[in-house]
Amino acid sequence: FHKTEQVYKIIDLNSAKSIILLSNSEAKQDISVMKLMLMMDKIVEDKTIPIVFEIENKQQHRLLKPLLKKNYYPVLKENLFTQALVQITLQTGLTDVFNEIFSFEGNELYIYPIPNELLNTKYSEVYMSLNNASLVGIYDKNGTTTLCPKQDPILTEEDKIIVLMKDDDELVVKPSSTVVKSNQIIRRQDLFYIEHILILGWNQ
């Protein structure tokens, strides 16, 4: 444990923008994650750095919940895997989308300030104004991330946008004359229905 702490200190976690800690297959994995949480609280001085912990299951999450800080984000591994599996089953080609987003090549997620020409503009109009990127969410002045907001908020200079775009590209805004306005967008009513999926061979 002491050697592991020294390794993390050498890495200089305090200069990181975010930290992701993956789980392992140890028999005493609960204790390992607990030690990591305590270690991060001791080493990372900046308590605003997001720290993501991979948690195996809901039982482990309940055990570790008292140790969670405001900047700790637990991700339940079994939930994530199950939901991704079902979505891939329902939507052909989603595997390629996941590979594109989470690989180290091609398109990636970035957080950008609002371009000056789009300040005080509705989210839907900003979405239609980006020429080489897809708008996926907002990072607001309170540090809250909202993906695909249901409302149509007006974005100010205090907000930032989350976009999916090619690596090292500059954000390009379309000329205003070519942008579709929010009142010109035809919105369809989504119909929700239940689908039953049988997964054979599933094993805990």
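Leaving aside its neighbours within four places in sequence, with which residues is Met 40 in contact? The legends below take up this point after an overview of the predicted model.

**Figure 1. Overview of the predicted chain.** This is a predicted model in which local features need pLDDT of at least 70 and side-chain atom pairs count only at pLDDT 80 or more, whereas totals for chains, interfaces and linings use all residues. Residues are numbered from 1 along each chain as its sequence is written, and side-chain values use heavy atoms, with hydrogens and water left out. The chain has six helices and nine strands; helices (H or I, at least four residues) and strands (E, at least two) are DSSP runs, numbered from the N terminus. Buried residues, meaning those under 20% relative accessible area, where exposed is over 50% and partly exposed lies in between (1.4 Å probe, protein chains only), make up 25% of the 204 residues. The accessible surface, from the Shrake-Rupley method with a 1.4 Å probe and, for residues, only the protein chains shown as cover, comes to about 15200 Å², and 55% of this belongs to carbon and sulfur atoms. Of the contacts (heavy atoms within 4.5 Å) with a separation of 6 or more, 65% are between residues 24 or more positions apart.

Figure 2. Where pLDDT is low, the predicted coordinates should not be read in detail.

**Figure 3. Met 40 and the largest nonpolar core.** A nonpolar core is a set of buried Ala, Val, Leu, Ile, Met, Phe, Trp, Tyr and Cys residues joined through side-chain atoms within 4.5 Å. The largest has 18 residues, of which Tyr 8, Ile 19, Leu 21, Met 40, Val 44, Ile 51 and Phe 53 touch the most other members. Two or more residues each come from strand E1 (19-21), helix H2 (29-43), strand E2 (51-55) and strand E3 (72-76). Helix H2 gives the most to this core, with six residues. Apart from neighbours within four places in sequence, Met 40 is in contact with Tyr 8, Leu 13, Leu 21, Lys 47, Ile 51, Phe 53 and Tyr 72. A second, separate core of 14 residues includes Val 126, Leu 135, Ile 138 and Ile 161.

**Figure 4. Salt bridges at Asp 41.** A salt bridge is a side-chain nitrogen of Lys or Arg within 4 Å of a carboxyl oxygen of Asp or Glu, and the whole structure holds three. Asp 41 meets Lys 47 at 3.3 Å, N to O. Asp 41 is partly exposed at 32% relative accessibility, and Lys 47 is partly exposed at 42%. Asp 41 also meets Lys 69, at 4.0 Å, N to O. This second pair links distant parts of the chain, as Lys 69 lies in the loop between helix H3 (58-64) and E3 while Asp 41 lies in helix H2, 28 residues apart.

**Figure 5. The salt bridge between Lys 141 and Glu 158.** The two side chains meet at 3.5 Å, N to O. Lys 141 lies in the loop between E6 and strand E7 (145-147) and Glu 158 in the loop between strand E8 (154-155) and strand E9 (160-166), so the pair ties together parts that are 17 residues apart in sequence. Lys 141 is exposed, at 57% relative accessibility, whereas Glu 158 is partly exposed, at 48%.

**Figure 6. Two residues with positive phi.** Asn 120, a residue other than glycine, has a phi near 60 degrees. Asn 120 is placed in the loop between strand E4 (107-113) and strand E5 (121-122) and is exposed, with a relative accessible area of 57%. Cys 148 has a positive phi of about 45 degrees although it is not a glycine. Cys 148 is placed in the loop between E7 and E8 and is exposed, with a relative accessible area of 57%.
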